[in-house]
Amino acid sequence: MLDRIIQNETAFADKDAYKAQTNTLKVQLRTLEQEIKEKKLPVIILFEGWGASGKGYVIGKTINCLDPRSYKVYSTVKATETEKRLPLMHRFWNVIPEKGKLCILDRSWYQEIVPATLEDKLTEEETVERMDMINVFERQLTDDGYLVVKIFLQIDRDEQKRRFKKLLDSKSTNWRVTDLDLKRNRNYEKYFVEYDKMLEYTNTEYAPWVVVNSDNKYRTVCEVFKTIITAVNDKLLSRTLSIGENPKKKVPKEIFTMATKAPLSLIKLDKTLNDDIYTEELKKQQKRLSKLHQRLYAQRLPVVICFEGWDAAGKGGTIRRIASALDPRGFEAVPVAAPEPYELNRHYLWRFWQHIPKSGHVVIFDRTWYGRVLVERVEELTEEKRWRAAYQEINEFENNLFESGILVLKFWLHIDQAEQLKRFNDRMNIPEKRWKITDEDWRNRDKWEQYETAVNDMLQKTSTDFAPWHIIENNDKKYGRIRTLNIINNTIEMWIEKHS
């Protein structure tokens, strides 16, 4: 792609010609900014390119057209040691904008590709895996209504060398050129080849690349403004993006191997455990989990434990028995309720990325991202197209965690309708438990069959070989707690051995 850089239709170089065209484009950008806000379009504009290609200058000219309250600018630097211990895309999920706002990136997630390939000695397989993650990330965002504009500023080796020399000759700017910059210039051809591969592989129909010839800064700004204006107009009018070069890559969605689960109607709920055995087993399993947590911490292995289930199925009590066995400095329990307005204004997975565990830590979710295909589906809070797409997105999300070294454990706590009614009545009749029962619980009960259909679909479509569902027979809470703890301990033990 770098051999076919976009040339400006009118190759002007003087400031007067630049001002004449950019003034018109500025007015268009300001008008579009209001439409972005009114129509709640989230926009990500990322700039990549060679050192000294003018990214800072172009970004400065771009934001000067905009209301400072409508955008944030992020400069991507090399990942810290803490960030390296989290999934690759974690820090970038954290900066996606709210609906109606813009995020402008001075370098982006693509810094995890070419610089890492040549300087951190990634294998070809590792590089492709990272680009696949990026393609999935961008597709998930654009499927959710985001606009992702990707601009690569291209200059040749001699021009880059000339610009470096000019910066180095001035005491006020020589700090901007590092030894690494000069090394990259000396190895320009190697970087050129890798950048070209990256651009081709990630030039998708939903997030195409625009490569701009950056040898003239005035012309570059005009090309960038035109690109942004065209992309925003296309998105607002629900047209296919007309920016970038053809052909654009079509990325097939990965097919995951499923761990088949029986429908809930076939699950027998007659299993019980007497008090003596329960007390003995609880101490045994908690002691075992406590020791395993120490080993997890020592080996820096993070774990995510997810709980879903019927209202009053016993999630809270089960989580308490797990949490009491863990070192409080190394775990977090995350109760998931209806999303807040600022959460609704972003991709639904955004709020869960905020709680991904650090190395050696455990995070327990009391309800999860599966709300998208359960309550949001049944209560028609999300359009059908989006909740149907969520099965694939959730599998991709969990696969991302798994590939990053995070163990994902998922439990559905299952009870029957008679047991649920009994527990609801108990809560109504016991003052200190009355807070647990709400009108919403009763409304959900009236839709039991609809929820059961949704749960069965969820189990069939998201029980993967890397993150299978465990259905816990929880009519007898004592039995369910011990079975859950046993599964957690067995799975963590195998995970530790695998990574020893």
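The model is predicted: local features need pLDDT of at least 70, side-chain atom pairs count only at pLDDT 80 or more, and totals for chains, interfaces and linings use all residues. Residues are numbered from 1 along each chain as its sequence is written, and side-chain values use heavy atoms, with hydrogens and water left out.

The C-alpha trace of the protein spans about 85 × 50 × 40 Å along its principal axes. The protein contains 20 helices and 10 strands, taken as DSSP runs (helices H or I, at least four residues; strands E, at least two) and numbered from the N terminus. Of its 500 residues, 54% are buried, that is, under 20% relative accessible area with a 1.4 Å probe, protein chains only. Among contacts (heavy atoms within 4.5 Å) with a separation of 6 or more, 83% join residues 24 or more positions apart.

Two packed helices are described by the angle and the distance between their axes. The axes of α12 (residues 315-323) and α20 (residues 477-498) come within 10 Å and cross at roughly 45 degrees, where axes are lines fitted to C-alpha atoms over the stretch in contact and angles run from 0 to 180 degrees between N-to-C directions.

Terms used:
Buried means under 20% relative accessible area, exposed over 50%, partly exposed in between (1.4 Å probe, protein chains only).
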